[in-house]
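Student: I am new to this structure and would like to go through it slowly. Could you show it to me before I ask my questions?

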Amino acid sequence: MSDEELMRKFFTADKFVETADIKIVEVNAERAVVSARIRPMHLNATGCVQGGMLYTIADFAFAVLGNFLHPITVTQCGNISYVAAAYTDVITATAVETVRHGHNTVSDVTVADAEGKTVCVCRFNGFVKDTDRDEVFAKFKD
């Protein structure tokens with residue numbers, strides 16, 4: 001089973017991400033990439049992608065990477081800087097871990113529109129629970 005398939009199975013219980021229609025594109029030791037096709041429910045009153053959707057996809061990219069590298073990881077703090085309006089039909093978030101120390105992990109996440117233009121940048125700090133990776137993912141490998 002590929003890393004992407006394993007993480008897709010692991011996150012099937014995340015109904016908010018499912019409802020937002022966010023998909024895992026890639027995950028490995030270097031980065032996680034997730035993407036969403038924008039629908040009318042994702043737009044704000046001005047017709048651009050709503051800030052909550054941008055934060056959600058960034059947080060999910062962090063969750064995918066963090067839980068791939070260090071199961072189980074949960075977000076402790078997330079900061080987002082919106083740098084451009086997202087008038088687009090697809091958004092993609094890419095997470096890269098920058099620090100791992102003790103029970104903490106920090107990742108930078110960039111969210112881009114369909115043309116690759118950065119629309120927001122984020123930094124997430126997560127708490128890593130001491131959990132055996134094989135134990136966490138065993139039930140998803142069947």
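**Cysteines, a helix and a cluster of rings**

Tutor: This is a predicted model, in which local features need pLDDT of at least 70 and side-chain atom pairs count only at pLDDT 80 or more, while totals for chains, interfaces and linings use all residues. Residues are numbered from 1 along each chain as its sequence is written, and side-chain values use heavy atoms, with hydrogens and water left out.

Student: How many disulfides are there?

Tutor: A disulfide is counted here as a pair of cysteine sulfur atoms within 2.5 Å. Cys-48 is in no disulfide, since the nearest cysteine sulfur, that of Cys-120, is 11 Å away, and the sulfur of Cys-77 is 11 Å from the closest one, in Cys-122, which is too far for a bond. The count of disulfides therefore comes to zero.

Student: Is Cys-77 buried, partly exposed or exposed?

Tutor: Buried means under 20% relative accessible area and exposed means over 50%, with partly exposed in between, using a 1.4 Å probe and protein chains only. Cys-48, at 8%, is buried. Cys-77 has a relative accessibility of 36%, so Cys-77 counts as partly exposed.

Student: Where on helix α1 do its buried residues lie?

Tutor: Helices are DSSP runs of H or I with at least four residues, strands are runs of E with at least two, and both are numbered from the N terminus. In α1, which covers residues 3-10, Glu-4, Leu-6, Met-7 and Phe-10 are buried. Seen down the axis of α1, with the arc taken from the directions from that axis to the C-beta atoms, the buried residues fall within an arc of 160 degrees, so they line one face of the helix.

Student: Which residue of α1 forms an aromatic pair with Phe-140?

Tutor: Rings of Phe, Tyr and Trp (its six-membered ring) pair if their centres lie within 6.5 Å, and planes under 30 degrees apart count as stacked, over 60 as edge-to-face and the rest as tilted. The structure holds six aromatic pairs. In one of them, the rings are 5.5 Å apart centre to centre with 80 degrees between the planes, which is edge-to-face. This pair links the segment after α4, where Phe-140 sits, to a residue of α1 that is 130 residues apart from it in the chain, Phe-10.

Student: Which residues do ring pairs link into a cluster?

Tutor: Both Phe-10 and Phe-140 are buried, and both belong to the cluster. Its members, linked by ring pairs, are Phe-10, Phe-11, Phe-60, Phe-137 and Phe-140.
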